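Student: Could you walk me through this model, with a close look at one part of its surface?

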Amino acid sequence: MVEPSVLHAVVVIFLEFFSWGLLTTPMLTVLHETFPQHTFLMNGLIHGVKGLLSFLSAPLIGALSDVWGRKSFLLLTVFFTCAPIPLMKISPWWYFAAISMSGVFAVTFSVIFAYVADITAEHERSTAYGLVSATFAASLVTSPAIGAYLSVTYGDTLVVILATAIALLDICFILVAVPESLPEKMRPASWGAPISWEQADPFASLRKVGQDSTVLLICITVFLSYLPEAGQYSSFFLYLRQVIRFRSETVAAFIAVVGILSIVAQTVVLGILMRSIGNKNTILLGLGFQILQLAWYGFGSQPWMMWAAGAVAAMSSITFPAISAIVSRNADSDQQGVVQGMITGIRGLCNGLGPAFYGFIFYLFHMEHTHTHNPNSHNRSSIIPGPPFLFGACSVLLSLLVALFIPEHSGPGVRPGGYKKYSSVAQSHSHSPPSSGAEGKEPLLDDSCV
């Protein structure tokens, strides 16, 4: 019998996100053709609904996988996440509706992290999570460029067929080759074992945010900085196509370059900064880069400005790994999962609110009509080509001001009293992983925004 390994998790993640990455160019085209008058607004609503559904369903699916095993839920999440792919050529309306609804199951990362936690020792876990996140990045660095080339050379239909075939390959791989990682002895005695509401409640971790001042400051910092980032991820490639007038191949190259630079920033640069200027100052520097990047996106009207801002965006990706590190230094070892769970919950909420927020601002400033009918209008009629990015920069500025008050190291002795009760629940499912800092290390996109 084949033993479960991190390699199984890596292959599942790579195939799923590679198939979606191929569709980057065709999806932007179909989105504009389907909603020519309200492209940005509908894009925001589609991704917003998907993100909110993922936020609501992730704890329940995680709790159920503790009872019924990981393999069945890997199959379920991959199948329903990839189900909309062939609908792109069959019916665009059904395709976008299916993408929104697939948010209920778009939590493959949660199940994958649980799978990895089942089969790795605690001291190996961060390395394994890093490998999974790096695989995710690698799939999205290469696939948009391949999809763009095939779309230009052979048409969108071939790209959709190829993406569907890779998604089916992923499903078959899970069915045939992926062994169950959760031993029978670690599951409840029967399939009818009760699931507590606290385990399945998506707001459970958020309600504990105010019980410690340091955790509260960190969570406010995460919310104010990740809200514009989630909105940016959902709309920026569309913005490059519709407003800055990037060609499909240029968008793909942009994704690849920023992805590679982000990986370098999160490995080489992050390590140097953490050693030289400290954890808190690294967070502040990352937020400063994010403000500069968003302001540049907001005021920039030329392609070279987007490329320059993209390099700054790669540097801003150091923020969340640094936040994860400061969390681990300010929480007791038995509270790591609880506090990381709060941060993950806030990021999940932002994945729903951010895209809708950006889409609404694009709509409010009449970006839809102006840029659809007059490609060069942003050079004449508006001083600010990208208003949502400037709103985002203001939000991150507030985040920076809050982060100034985060202590560098408050010591693990400070423990919120209300965490004890929660930690007993978490420990009763100790084979289910705490939300790792690795989730904050995804270089370009995250699970629910793809």
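What share of the contacts in the protein chain with a separation of 6 or more comes from residues 24 or more positions apart? And which residues make the nonpolar surface patch?

Tutor: Happy to! This is a predicted model, in which local features need pLDDT of at least 70 and side-chain atom pairs count only at pLDDT 80 or more, while totals for chains, interfaces and linings use all residues. Residues are numbered from 1 along each chain as its sequence is written, and side-chain values use heavy atoms, leaving out hydrogens and water.

Your contact question has a clear reply: residues 24 or more positions apart supply 86% of the contacts in the protein chain with a separation of 6 or more, where a contact means heavy atoms within 4.5 Å. The protein chain has 19 helices and zero strands; these are DSSP runs numbered from the N terminus, with helices (H or I) of at least four residues and strands (E) of at least two. Of its 450 residues, 58% count as buried, that is, under 20% relative accessible area, with exposed over 50% and partly exposed in between (1.4 Å probe, protein chains only). The accessible surface comes to about 17,800 Å², and carbon and sulfur atoms hold 70% of that; such areas come from the Shrake-Rupley method with a 1.4 Å probe, and for residues only the protein chains shown count as cover.

Now for the patch. Phe-357, Phe-360, Tyr-363, Leu-364, Phe-365 and Phe-391 make a nonpolar surface patch of about 570 Å². Helix 16 (residues 336–364) gives the patch its largest share, four residues. Tyr-363 lies in helix 16 and is partly exposed, at 36% relative accessibility.

For contrast, look at Ser-395 in helix 18 (residues 387–403). Ser-395 is buried at 14% relative accessibility, and it touches Leu-224 and Pro-228, leaving aside residues up to four places away in sequence.

A word on confidence: the mean pLDDT (the predictor's confidence in each residue, from 0 to 100) is 80 for the protein chain, and 81% of its residues reach 70 or more. Residues 369–381 have pLDDT below 50, with 20 contacts in the model beyond near neighbours in sequence. Residues 412–450 are also below 50, with 110 such contacts.

Terms used
Patches are made of residues with over 30% relative accessible area and no salt bridge: like charges are joined within 9 Å, nonpolar side chains (Val, Leu, Ile, Met, Phe, Trp, Tyr) within 5 Å. A salt bridge is a side-chain nitrogen of Lys or Arg within 4 Å of a carboxyl oxygen of Asp or Glu.
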